[in-house]
Amino acid sequence: MGKLAACNNYTLLAWKRSTVIVLLVVQLCCSQVWAQCRILRCNSEFVAATLDLGGNGGREGGNAGYCSALRSYALCTRRTARACRGDLAYHSAVQGIEDLLIQHRCPKTGPTAQPRPPPQAPLSGDACCYERAYQQREGRAPEYIHCGVFGDPHVRTFRDEFQTCAVQGAWPLIDNEYLYVQATSAPMRGGVYATALTKITIIFKNWRECIEQQIYQAELDDVPPAFVDGSVTGGERRGHHSLQVRTQAPGRHAEIWAAHIGTTLVVRQSGRSLGLSVRAPRAIVDTYTPEQDLQLCVWGCPASQQLARPAAQPSTSAHAHCSTLLPVQDVYFQACVFDLLATGDVNSSAAAIAALEDARSMLADTDKVHLVPAGTAEHSPSLLAVLALAVFAERLLNMLVEQ
C-alpha cells in the first residue's frame, strides 16, 4: 500500500509539473492571440494557486486546495467568456477544467482560491479611512453616488437612470475591485407576474491590511444585524474598525458602514420584499474590469429584461393610495402604483417610500432625489391597466375555485 501511495503521489506531482510547463509555454507563445480575452491571467492565477500544493494534491487537504483552485480557474474563464468567444484555446481550457473537476471528484460549488496578491508596501496613516485619505490626497471631499434596488424590482442606477426589471434568479448589482453585491429575485405568492427581492448577499473583498474577506447575507424575514460569522465589526486597525453593522429594527433592517471604501449599504425589508440602498464614492464604483460587465447598479438590467412604465391611470385606487403617501409623482410614485397593481397588497407601497427616504439621506444634491419620468412607453401604453385587469381576473378565479 505504501508503494502504491508513493507511486500515486509521484504520478500526480509529475502531471502537475507538466501542466505548469504547458501553461507557461502557452503563455509565451500565444500572448498576442489571447491578450484581449485574458485567458493568460486565468492560467497564471491557476499556476500560482497550485504551485504550493506540492505532492499533496491527492490527500484530503491538498485535494480540497486543488479543487478550490480549479473552481477559481473556472470562475475566471466565465468572467472572460464574452471576450473569448470563438477562441479555440479558451474553449479547450474550459473543457479541460470540466474534465479535471470530474477526475478529482471536485464539487462545482464551494470555496475558491484567493489569488496571490503582489507584494505591496505597508499602509500608513489614514489609508483605511477612505474619506480622510481622499481629502488629504485630493484636497476635497469624494463625489458620492447612489443606487437603490427595491420592490418588483425597480433599480435606480448610479447614473440616475430608473428601470423596472423582469429579472428572476440571482443577478449581480455591484462587482468591482472592493465589493460584490448580488440580489436574488423570485415570484411572489398570490401576485400576478410579480417578483420580489428575497435574498441579498454582500461580499467585502480582502483589501491589504484594512480587512479580510467578510460576507453579509439577508433573506426574506431574516435581515441579521451581523455578518455571517456572527461578528458586527471587522478590520480593526489602530483602534478603529473598517467594517461595522448596526440596526434600527433587528430582523428587518441593517446598515453596513465600510470605512476603507467610504461606502454605506442599507438592507431592509418592506412588506414582502427586500431592498438595498448604496452610497459610494464614484472612484470606488468605477474600479471594475471589462469582464465585470453585468452590474445592475451601474448599467441597469439588460434591455430584454426591462419593463415599460406608462403613466399611472388616475382612476385606479392604486393611484389614489400612492398619491397620499408620495405627493410628488416621480419614479418612486410610479413604482408604488406598479407594485400595488402587480401584488394587490397595500403593504407593497412601503418599498418605494423606504427607497425614497434612503435617496434623501444618501444624496447631497436635493435636486437629484426626485427623478421625473422621461415619458411613457409608446409600445406599451396600457400596462398598468393590464396589470389591474389581471389582478381582478385572478381574484375572480380564486372566488370561483373556493365556491
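I started with contact, which here means heavy atoms within 4.5 Å. Helices (H or I, at least four residues) and strands (E, at least two) are DSSP runs, numbered from the N terminus. Buried means under 20% relative accessible area, exposed over 50% and partly exposed in between, with a 1.4 Å probe and protein chains only.

Two reminders for myself come next. This is a predicted model, in which local features need pLDDT of at least 70 and side-chain atom pairs count only at pLDDT 80 or more, while totals for chains, interfaces and linings use all residues. Residues are numbered from 1 along each chain as its sequence is written, and side-chain values use heavy atoms, with hydrogens and water left out.

**Entry 1: the whole protein**

I counted 11 helices and 13 strands in the protein. Of its 403 residues, 46% count as buried. I also looked at contacts between residues at least 6 apart in sequence, and 58% of them join residues at least 24 apart.

**Entry 2: the sheet**

I traced an open sheet of 9 strands with antiparallel pairing, in the order β8-β9-β10-β11-β12-β1-β2-β3-β13. β8 (233-237) and β13 (306-307) stand at the edges with a single partner strand each, so one side of each has no neighbour in the sheet. For pairing, DSSP has to find at least two bridges between two strands.

**Entry 3: strand β1**

Which strands does β1 pair with? I found β12 (residues 273-281), antiparallel over 6 bridges, and β2 (residues 154-156), antiparallel over 3 bridges. Y144 stands opposite P281 in β12. V149 has L276 as its bridge partner in β12 and stands opposite V155 in β2.

β1 and β2 form a hairpin with 3 residues between them, and G151 in the turn has a positive phi of about 70°.

How many residues of β1 are buried? I get 7 of its 7. In a regular strand the side chains alternate between the two faces of the sheet. Here Y144, H146, G148 and F150 are on one side and I145, C147 and V149 on the other, and both faces are covered. I also checked R279, whose charged end sits over the ring of Y144, 3.6 Å from its centre. The test for this is NZ of Lys or CZ of Arg within 6 Å of the ring centre and within 35 degrees of the ring normal.

I listed 9 aromatic pairs in the structure. Rings of Phe, Tyr and Trp (its six-membered ring) pair if their centres lie within 6.5 Å; planes under 30 degrees apart count as stacked, over 60 as edge-to-face and the rest as tilted.

F150 and Y332 are a stacked pair, 6.0 Å centre to centre with 20° between the planes. F150 lies in β1 (residues 144-150) and Y332 in helix α9 (residues 331-343), so the pair ties together parts that are 182 residues apart in sequence. F150 counts as buried at 4% relative accessibility, and Y332 counts as buried at 1%.

F162 and Y332 make an edge-to-face pair, 6.1 Å centre to centre with 65° between the planes. F162 lies in strand β3 (residues 162-165), so this pair with α9 ties together parts that are 170 residues apart in sequence.

**Entry 4: helix α10**

The 14 residues of α10 (residues 349-362) should span 20 Å at 1.5 Å a residue, and the end C-alpha atoms are 21 Å apart, which agrees. The expected span is 1.5 Å times one less than the number of residues. I noted S349, A351, A352, A354, A355, L356, D358, A359 and M362 as its buried residues. What covers them? The cover includes β1, β2, β11 (263-270), β12, α8 (317-325) and α9.

α2 (residues 39-51) has I39, L40, C42, N43, F46, V47 and T50 buried. They cover an arc of only 160° around the axis, which puts them on the same side of α2; the arc is that of the directions from the helix axis to the C-beta atoms.

T77 is found in helix α3 (residues 60-79) and is buried, with a relative accessible area of 3%. Leaving out residues up to four places away in sequence, T77 touches I39, C42, Y90, V94 and I97.
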